[in-house]
Amino acid sequence: MGIPASVAPELLDLTNKMVAFAWGWMAFGIFVGLIIGMWSFDGPAPTPSIVGPYDSTARRLIRLGHVAFIMLPLISMTYAVHILTTSLTPDNKLLAVKLCW
């Protein structure tokens with residue numbers, strides 16, 4: 001799957017920025033997962049008191065945020081790559097990327 005010749009340079013620049021930003025957020029999500037794993041499942045570190053027991057709201061929100069930091073950038077990255085090959089006009093593609101960015 002190649003990039004069509006009709007892709008505007010501004011559109012290509014924005015989609016490249018979306019992909020780079022998504023990789024950064026995914027790396028951050030993985031780093032957060034490594035930290036969470038330090039106290040999960042009887043890991044080497046004790047559970048911080050602010051996090052609470054396994055079924056506490058704070059701990060659930062931390063796990064949800066960790067998943068969101070990985071999956072939302074993945075969706076954004078997939079969108080940025082595939083919008084280039086759609087049958088929309090270049091102006092509509094640019095508008096679609098700007099609305100998502």
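The model is predicted, so local features need pLDDT of at least 70 and side-chain atom pairs count only at pLDDT 80 or more, while totals for chains, interfaces and linings use all residues. Residues are numbered from 1 along each chain as its sequence is written, and side-chain values use heavy atoms, with hydrogens and water left out.

Asp13 pairs with Lys17 in a salt bridge, with the closest N and O atoms 3.5 Å apart; the term requires a side-chain nitrogen of Lys or Arg within 4 Å of a carboxyl oxygen of Asp or Glu. Both residues sit in helix H1, four residues apart, so about one helical turn separates them. Helices here are DSSP runs (H or I, at least four residues), numbered from the N terminus. Lys17 is partly exposed, at 43%.

The structure has two salt bridges. Another pair is Lys98 and Glu10, whose closest N and O atoms are 3.4 Å apart. Because Lys98 belongs to helix H3 and Glu10 to helix H1, this pair ties together parts 88 residues apart in sequence. Lys98 is partly exposed at 45% relative accessibility, and Glu10 is partly exposed at 42%.

Beyond its neighbours within four places in sequence, Leu11 is in contact with Leu84, Lys93, Leu94 and Val97, contact being heavy atoms within 4.5 Å.

In H3, the buried residues are Lys93, Leu94, Ala96 and Val97. Down the helix axis they fall within an arc of 160°, so they line one face; the arc is taken from the directions from the axis to the C-beta atoms. H1 and H2 are among the elements that cover them. On the face turned away from this buried side are the exposed residues Asp91 and Leu99.

Key:
Buried < 20%, exposed > 50% of the residue type's maximum accessible area, 1.4 Å probe, protein only. Helix = DSSP H or I, 4+ residues; strand = E, 2+ residues; numbered from the N terminus.
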